[in-house]
Amino acid sequence: MNLNSFLLMRHEIVLIAVALIILIAEIFTSEQNKGRIRGLAIILFALNTIIGFFPATTGTLFGGMFTTIPLHIVVKNILNIGTLIVLIQSNAWLKTEENSDKFPEFYVLLISTLVGMFYMISAGDFLMFYLGLELATIPLAALVAYDRFRSQSAEGGIKLILSSAFSSGIMLYGISMIYGMYGSIYFDMLSPAMAMNSLTILAFIFFFAGMAFKISLVPFHLWAADVYEGAPVNITSYLSVISKGAAVFILTVILFKVFPTISDLWQKVVWVIAVMTMTIGNLFAIRQQNLKRFIAFSSISQAGFFLLGVIGGNEMGMTAIVYYMLVYIFSNLGVFGVIAIISNKSGKENMDDYNGLYHTNPMLSLTMMLALFSLAGIPPVAGFFGKFFLFTAAAQKGFYILVLIATINTIISLYYYLLIVKAMFINKSENPIPYFKSDFYTKLGLGICIAGLVIVGFASGIWETISKLAFGM
Amino acid sequence: MGILSFLVLIPTLTIIAILFTNDKKQARLVSAIGTGVQLILAGVLVWMYLTERSAGNTAQMLFTQDIMWYPTFNIHYAVGVDGISVAMIALTAVVLFAGIFASWEVEFLNREFFISLILLSSGVFGFFISLDLFTMFLFYELAVIPMYLLIGIWGTGPKEYSAMKLTLMLMGGSAFLLVGILGIYMNSAAAGQPLTFNLIEIAKISIPIEAQRFFFPLTFIGFGVLGALFPLHTWSPDGHASAPTAVSMLHAGVLMKLGGYGCFRVAMYLMPEAAHEMAWIFIILTTISVVYGAYGAIVQKDLKYINAYSSVSHCGLVIFALLMMNKTAMDGAILQMISHGLMTALFFALIGMIYGRTHTRNIYEMGGLMKVIPFLSVVYVIAGLASLGLPGLSGFVAEMTVFVGAFQHADTFHRVATIIVTTSIVVTAVYILRVVGILLLGPIKNEEFNHFKDAKWFEKLSTITLLLMIAAIGLAPLWLSNMIQHSLIPIIQKLAVTTGI
């Protein structure tokens, strides 16, 4: 092992460097120039995203604790892009008076969670996985409570930290059972040793329940709505997209790598959980008036769709998950971008407030509509392709009934997405939200989302690239 | 780039051009030019198709183009047309062109209106040229979704309810369809070949019967919803009644045909054994559709509802004829699609124009319109006569062919169903003549009616375009029939081989 081999962790090292530079820059800038840190942070992060695409070496470190394969790099790049959009979108919010003295921490906390996710993705054993998971979760709780003078925000932070501590406990219990039985925590050593017995099943159930908490799968979803509503909008978007995406990915990897011998069992579990998650998430979303809660439930149901890729248990499922993650980033961040702008400028978050939005803010409404259609899986935007491929992955394994339930669920979700479209385009309003002049960063953030929504589906090369790499799994 | 890709490209370019227009006059002018070019292109396509065929080209699909899109799934951008698709494309172009002129005076958000309308049409064109199930499905959904905005924003009456009902029911149909398509795809591999979405390739192999039994109903119902298959037709009356004129025209005239087209092109063509096994269920349902729709039309007071129920009846006849699975009846089914498409578009255009003057669609509040707006009234009568199947107009040719084909089945079940369906002719005559009597003849019910002006130039253009086509098919059905028949052969063969008829 030499210094060169640390380059395997290039994504993580660059991120940490970015976080450190921002911290140091904060110390050395005067009060008047502090605003420039925002620009600096975005530029640095954009650089980090670009560096992520440079060719990278693959291999293992620390005796197999840390592995890097091409698919990991793709996932990290996708998460980088998503985080970049979140940073760009939160610029306007961080500019406000109340955040003027604490915004550098925002960047540091956010980047630390991302580093945690990266370690989690690259984990080669349960220990590294757990460390990454905690690193990803604890700063997030601080971010949720970022609006510390708003009681809802503080409440959300406490709820997140408690529920994730609880779920970590459950998960660790499962992991300790596995260690007790097989004497190893390395994924590669576990998979051949794994046998079908009751203790393994118990361990799996504990582990899965813990992960289900993190991904907010039904019936472990109850924390999500309150936390999403309490958190500042931009943090909500980060929670629902980036951290969910990373967790789904690692769950899939562990199910493939560690539990292949009991795949009959976990496919049944995933089947039931997927149906429940999609359906219950959707049915609750219909009743929501507050848009943040609404999106919270909608993203619970979206997590159910991810499970359709998980259940396939093959390369196509893996590719579909990673691909949908990318699509989901653009769609959900498009929706959140609009919600954040309106919430920051007018303080309105209810669906009724959006009545007549098209007449005052046509571009925002169109962006929102495209993003919602993408979430509902309507062509020609990217969501259609993402959903179709997830369904294909599940159908390939013969889960046609599950696919049918999922497609019916997309129609239910279409109903409530159309409610927002209806509010914006059809409903009349006495006092609509006034016209906003968006600044450069806002436009840039939404512009990236729209470009992504339009391009990702038609450019088949993106899918093909991911697909090629997933076959190395 | 083949001629077929232009059918999708031109609407796209038109939409972009509309984005750059400044006011409503420019927007509608650009739309008219765009759809006019599209109409010419469709005409050229018909001409090219006929020349190719008379030159002895017997390939099943002409003007094919095949570009690999997603290698992993073997998804291609594959297009090609046979006579049926060409006829449907021509129908769409005509109705769209007439629809633009029928909505010449849309005031509210007029650019957005034309954009949505043309976007919808591009989905329809794309659907008819697709040979790949994936792109076909993509275009299918693309054709449905603008409907929500079109009805929701520019509609009348309980438009939000109708728009939501229509969208959800049609998308619900496509949810079934998606599973059906995936099922076909997963069983599509010929020996040693990869899975494929290509219709023509899949037709070469036979899908296992167990798979067919599961996926045929899903696919058939998925398309059947759009074809107003009883009991899934309920979106149609509400949707059509609430939609603005051009949207009703395009939807009843063209979009409902997507359902019928998909039923035979995908469901029956690819899964013939299951089609034979389950035909009886759907024959019963379509028989109900035909008769129920016709009786429904008798009791309605709203002009649009009358026409919407009549559409349910006529579209039911299309699927009924398809399920007879012989050459004559299927030929009739395609003729009926085209004839009904033109007729119903004409009806909805006229209803829109009458409504624009009277501001009511309740037939009992109107009367004597023949005296004040003779042009529109006469056209209405002709459309009515076409609809009830008067010889010399398109309706007669289509229905006659359907019934002749249906009677070729000698068993009791088919006979009884056919006889029941035939009664709808009488009922159709009743509701058409009833409306004509109340609406157009008799004394003028309202003083204000005397101030009405007859059709303006764009209204005349819109109606005459449709009328000419109806008369052309009625007087010279052979050219259309020839075009269709040749293309039906592979489908009929596929359906016949499997049963050993």
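The crossing of α8(A) and α10(A) is left-handed. In this predicted model, the axes of α8(A), residues 198-215, and α10(A), residues 233-257, come within 9 Å and cross at roughly 160°. With angles over 145 degrees counting as roughly antiparallel, that crossing makes α8(A) roughly antiparallel to α10(A). On the α8(A) side, the residues that meet the partner helix are A:Met211, A:Lys214 and A:Ile215; on the α10(A) side they are A:Lys244, A:Ala247, A:Val248 and A:Leu251. Sorted by class, this contact has five nonpolar and two charged residues, and no polar ones.

Most residues other than glycine have a negative phi, and most peptide bonds are trans. A:Ser216 has 26 other C-beta atoms within 10 Å and is therefore buried, the cut-off being 20 or more.

A second residue with positive phi is found in chain B. There, β1(B) and β2(B), the latter spanning residues 75-81, run antiparallel and are joined by six bridges. One of the pairings is that of B:Leu62 with its bridge partner B:Val81 in β2(B). Four residues lie between the strands of this hairpin, and B:Asn74 is located in that loop. Although B:Asn74 is not a glycine, its phi is positive, at about 60°. B:Asn74 counts as buried because it has 20 C-beta neighbours inside 10 Å.

β1(B) also takes part in the meeting of the two chains. Altogether, 25 residues of chain B are in contact with 25 residues of chain A. On the chain B side, two or more residues each come from β1 (62-70), α5 (133-144), α6 (146-154) and α7 (159-186). Of these elements, α7(B) gives the most, with 12 residues. The chain B residues that touch chain A divide into 18 nonpolar, five polar and two charged.

In chain A, the bond from A:Pro379 to A:Pro380 is cis, with omega near 5°; A:Pro380 sits in the loop between α15 (362-376) and α16 (382-396). In chain B, the bond from B:Phe230 to B:Pro231 is cis, with omega near 0°, and B:Pro231 belongs to the loop between α9 (209-226) and α10 (235-242) of chain B.

Key
Residues numbered from 1 in each chain as written. Chains lettered and ligands numbered in written order. Predicted model: local features only at pLDDT ≥ 70, side-chain atom pairs only at ≥ 80, totals over all residues. Contact = placed C-beta atoms within 7 Å. Nonpolar A, V, L, I, M, F, W, Y, C, P; charged D, E, K, R; others polar. Axes fitted to C-alpha atoms, helices over the stretch in contact; angles between N-to-C directions. Parallel < 35°, antiparallel > 145°, perpendicular 65-115°, else oblique. Left-handed = near helix turned anticlockwise from the far one by under 90°. Pairing = 2+ DSSP bridges. Buried ≥ 20, exposed ≤ 12 C-beta atoms within 10 Å, placed from the backbone.
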